Every structure is written in structure tokens, then in C-alpha cells.
Amino acid sequence: MNESFLWRLKYQPKSLNEIPGREEMIANLTQIAATQDIPHLLFTGPKGYGKMEVARLFTHYVLGKGSSTNCKIVYASDPLTQEERDETRRLSYIPTKRIGSTAGRRFTWPAFIFSRIKPFVEIKPISFHPIKFLIIDDFHLLEDQQQGLRRLMEKYSSYCRMILLTDQISSIIDPIISRCNIIFFKQIDFPSFKERIEFIAKKENLILKGNISKILYLSTKGSLADSISHLQAAATISEEIDPDIIFRLVKNDLREEVGLLLRHALSQQSNRVKDNLSNIQKYNRVFSEIIDIMCDEVFKLPVVELIKCDIVNLLSQIDFRTIDSTSQDLMYDNLIYGLIDLGAKYS
Amino acid sequence: MKKSQELPWVEKYRPKNTKEMVGFSTNIKKIKDFIKNFEEQQNAGRKIRGSQKAILLEGPPGIGKTTVVYAVANDLGYSVVEMNASDIRTENAIVETLEESISSTDLLSYLMPEKLNRKKIILIDEVDGISGKSDRGGVKAIVSLIKKTKNPIILTCNFYDSKFKSLYDISTKIPCRSLQKATISNLLKEIAEKENLKVDDEIVEAIAMNSGGDMRSAINDLQALSQGVFTDMEFLDMHRDIQEKIFSFLQSMFEQKTIRKARDILSNIDFDYKIIHKIIHANMKAVILDRKDRKEIFNTLLDADNLMNQIMTRMDFSLLSYFFDLVSGGVIVSVTQTISKGYKKFKMPNLGNLRFRFTGETLLEELQNFFYKSKLDIVNQIIPQINEILSIYDEPTRNKRLVQIATELDINSAELKKFVN
């Protein structure tokens, strides 16, 4: 697979040094790898900042060719299949044939850890590698099952290292944080983003008109993979890429929808608010991202400045409370009823 | 008449013969066959095989396992020698009581000559009640009893236990299923008619539902209801299906005026406390109609949610009592307007997408090896992007491109096509 049709795969970095805009972090990581005593790692940063890419290529760097057998990626947001649930239930019964005080008893295991993590962690690394890696994506979604990982991290620490990825570090329990080295991810800087986009445009014989890399950078929050995908979609239309085409492709519906929600909530049209809300939830964004967009949209509203001030106050309060919240539905309801209440107060 | 009233209804309406039995038809035939077979073999003087000497009725409590043995014995003209969990069942006790009562004829049978020559069935009830310590050697004694018995033996138990493996090996197992709701409710109606009791159909259904297939407890409940142990409405509140229980709990909680009473109601309900505020949130909108009240309740529930997250991340369970105060008292204080009453459909809260199931799991798993994203992200991001790239082309070239991508990623092109469209 040398040349993929999808540019997203074609221009995927193949090694740690190819990742653009992360020189400092990569220097740190290679230093860690050189010490032969790699700690457990916790990568934190918003979606699309390239946590998985760095984690994956870091294991490649350390393990070399053995990375296919000695590295496993687990996605916490993938639901457990029925077979996995049944298997966990079946194995939780220890047969009477076994010798020991546990024979004939029933144990309850956290299903996710039992079916996805434990089988990999228990086996020693294959083909003379001293260590193996486990990458867990969206680690915060494990909620109280995180407790089950504490023991595993220590018990198998002689040969198994874990890289935990999360975008919500506040819901990770302290015992896990204290066992890991935390690495914070920032948005990649614009010059290296621009450089990469222009390099691809040159290779594919594209002509970039106007300030296309800036538009892509802002709309995708610096996610190169997504930007490249949009670029390919634009290139199928013509080789000269206009900002207009990019604007059409990069969806701004979410922004409009949020603006409409604000307007409808303030004028107390609760039925329309419901529709807007269900549309927004289809985008599957993190709640704090919606709050961000809302903060921008507030100033476009045709209302008195005092009301805007109150709305921003409300948003700040709710944004603060998302840190400790586990229920998105509850957050949305709070936000909407707060807005409707404000609307009623000033009408 | 007065005397029969004092009898528990369970005894009063216990079937005397197999015709009165409810819902045991196939098993009755099996038991009868077993006893007849035993008799035939014995009369012919043949040696009876181990598994034909004893049967084991296995099933949940209260479905009539003991009753069916008595009914069958009555039909076939046998008498029953019973030993149940209330007796001491050590090795010696079993040998003494059972073996002697089989070999000798008791005093009563001299007084009633028609019973003198009756053959006997040995019934060892509730085998799983034999405990390891106080009934030492009990299982061993039963096994040796089965081996040298001259009478058919019937054992009953509720669940399989590894302690009784040796018993299972030498007896034939007959599984007994729990009774259906309709059978129980029909029988309850019959009993109510005989007792001149006026009971609503709704309550009979509720009792039958609550019993979970246990006839004995259902009849006991009906009797308790007739004797005024609790009123009809209380009964309905107490004994509903768990989901409806939560709903009536919500309504009764919102009716309370004091925080203390609301807290008492909350502490009576057994449900996962970690998500109790989410359950209240999911079902609250049906009960509370006023906008301002709702806003206040959302606010309190969010406080409770934040508190719960603190408790779970820091493992600080001393805060838990504040959580219950917030969820019960904090919520009812916010209610100022009247609430809507009556039956509403119960909603389960949205607990993340962990229960969600994708179509085409295998395809998504294969795509994960290239894109390194979770399944949800692939469905929401990657597939739309591929769609976007291909949207320019007309149908034939589009298909050609799809096949190209599929061969490149080594996946089934037809499946991918289904996904992208």
C-alpha cells in the first residue's frame, strides 16, 4: 500500500519524526524512550489534536517491527458486544474443579477491563521485546471501571506500559494520574500547519488561492488529517482551490444552529429549541465546545447589551460546572432553561 | 367453618390430587411413570438401576414441588414419608427416622386399617437446605439410602449446588419451570371467589406479577390483603414492577412537604444510587409541568451530579449523605406548583453510548486498523468525509472509486458501499 487513494491515509505520518509541529514533544519522548525505563503515559488534549498519532508512532519508535504484536489499541467508546458480555459472565464463575478457596464462587469483574484489557496485559511480550504497550483511547469514558486498572498498572508494570488518551482530565481518578507522566497537547502552531498543507498542494499540483491554510486551520482546529480530507474533496472539483469551495465544504451549520437556538430560547419558542437541540446533538461535539461557539454567537444577537452580559454570565457558570459533570443531557437542559428564564425576565 | 378460616390459605387450597394441580401436566406424568416403573421392577424381582431409584425435582420455590408429590401419592394410593429442612438431618437422624419408618408400621396405621398396607414414597424435601456443619454426613446418608432403598425416593431442591454432586449423579433430574403469570392470577381469582372476597382485577394482576411465578407467596399475599394487613393502594405502591415503583416513588416524593419525609422515601428504594439523579432527570419532565420549577430542579440535579463526580473521582464517600439530601430534599423544595398525576411511561436515562450497537461491526473494526479512531468517530467523521470526496463523481466512476478504496484497505466493497450510501 504505497499510494492510497484517500489522501488522509496517503499523507499519514509513518514515523515519529514526520509529525509536523511537535518537535519539542517528540524530543522529550525520544529522551524518555532512550532511558529504557518508560513510565506510564497520560496524553491529554481536545479531540483532533493528534494524541493517537503520537501515541501510535511512539510505540512504533520503541518497538520497531514488533509493534504489530506487542501493541494494542483499545477504544473505550466502543460498546461491548453481546458475546463479550456473555464471555465475562461465563468466566466469572470459577469451576469446582479448581483447587483453592475460590473454587465454586462467582466474581463480578468490570466487563470492559475483563474482556478487552486483561487478556492482552497478562501475556508477556512476544519475540524478545522487553516491553509491550497498551493504548486506551477516551479513557475517561471508563468512569468507575478506572479503579480496576490501578492494580493492573502495578501488577504487570515489569513488562506492560499503558498510554492513556483523554480529552477530559477532570474525570480521571487521582490514583491513575499519580501513576502516569502527563503530557499536555496543544494545537499545532500555524507555520508548520501551513508548511504541511503547501507541501501537499505542491505534490498534488494544486493551486491554492487566497488564505486557504488559515481557513482550514481555524475551521478544523488544526487537525491536519481532517484538513487534508477537505482538501481532497475540493481538489475533485477543480485544481484551483477557491476559498469559496472550502467554505462550502467545511460545515458551518453548527454555528448557525447554535445561533438559532439562542434566538429561539430568548424568545421562548420552546418547541423550536427542541428541534435545534436535537440537530446540534447530531454533531456529537463536546459540550464545552458548544459553549465556546455560543460565546461567539451572543454578540451577534439583536438584543440590549445588558442581556448579553447576563447570558455570558450564565454561560460562564455552566461552563465551570461541566468540569465535574458526567451527564450531557443535564447540562443541555440546564443551559436551555436558564436561557428561557433570561428571556422571560427581559420580555 | 371457623377452624378452616384459621388455616393458612396455602394449606387450605393445597391440591389433594393431580386433577387439581395447576401447570404440572408433563411432570406429573414423569413422576407417575417413575413410581409405576419402580413397582413393576420390584414385583418382577429385578434389580433396579441406580438412576431409577430416585428422582430430583429442581425448580424455584413455591411452584408446588412438594404438593405434586403428595397429589401423585394420593392418586396412586401411596403414603408419603416426608423429611424436610426443619428436621435435623445428620447421618444418624436420617437413618433412624427414615429407615425405621419404612420398615416398621406406625401406630396410626393400626388404628386406621385401610392405611396399613399402603406402600410408601420417601420425600426428602429441600435437599439444598442440608448444611455442611450441623447436618454432618447428611448427603452421604441419603446416597446410601438411595442405594439400598426398597421404596421410590423423591428429592426436591431449588438450585444446583456443588455440595450435592453425588446426589445428582445417582438420581434422575426433572426440571420444574416457574408458573406463568396468567395461571397464578386465574387461581387467585378462584380463591377470592370461594372466600367471598372482592378484589379488583388490577390488584390480582399486581400480586401475580410481583410473585415472579411463586404460587405460595401469591396466595399468602392475597390472604394478607384480605385480613387487612395493608390496604389495596398501599399494596399496589409496594408491589409494582421496579420501573413503575420508581415512578410512583417520584410522584410520592414530589408530594412531600418536608425534606425529611422525602429522604425517607428515597432511602426505601433500592436502586443504583450512582444514577438515581439521572433517573429523576429522565422522568421528571412528565411529572413537573411548570417551567420555573423545572429550572430549579435541573439546577439542583446538576449540583448533585457534580457532587457525585467528586465522590467517585476522590473516593470520598463521606459526601454521600449530602448527595442524598440534594436529590431528595433539594428537589422537592423547588416544587411550587401542582404536579401532574396518573400513569406515565418510564424512561431510562441516557447512559452514554456504551449500550449502543453498530451495524456492520466487522467492517468498522477493519477500518479502525487504518484510521485509528473509535467506531463512533468513524461513523460520524470518516464515512462522511469519504462521501464528500466521492460526491462529485457520477454513479459508475463512484462505484469504481469505492472498489478501489475497498481493495486498497482489503475490505468488502459491497459492505462499504452500503455504509457510504
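A polar contact is a pair of N or O atoms within 3.5 Å; within protein, one atom must be able to donate a hydrogen and the other to accept it, and residues adjacent in sequence count only if both atoms are side-chain atoms.

**Entry 1: ground rules.** I am working with a predicted model, where local features need pLDDT of at least 70, side-chain atom pairs count only at pLDDT 80 or more, and totals for chains, interfaces and linings use all residues. Residues are numbered from 1 along each chain as its sequence is written, chains are lettered from A and ligands numbered from 1 in the order in which they are written, and side-chain values use heavy atoms, without hydrogens and water.

**Entry 2: chain B against chain A.** I looked up polar contacts across this interface and found 22 residue pairs, both residues at pLDDT 80 or more. I also found 4 salt bridges there (a side-chain nitrogen of Lys or Arg within 4 Å of a carboxyl oxygen of Asp or Glu). One I noted joins Lys295(B) to Asp341(A), with the closest N and O atoms 3.2 Å apart.

**Entry 3: the side of chain B.** Which helix gives the most to the side of chain B that touches chain A? I find H16(B), with 15 residues (helices are DSSP runs of H or I, at least four residues, numbered from the N terminus).

**Entry 4: size of the contact.** I get 54 residues from chain B and 55 residues from chain A, contact meaning heavy atoms within 4.5 Å. The buried area is about 5000 Å², and carbon and sulfur atoms give 53% of this area (accessible area, 1.4 Å probe, that two parts lose on being put together, summed over both). Arg291(B), Tyr372(B) and Ile389(B) supply 14% of what chain B buries against chain A, more than any other three residues.

Key. Helices (H or I, at least four residues) and strands (E, at least two) are DSSP runs, numbered from the N terminus.
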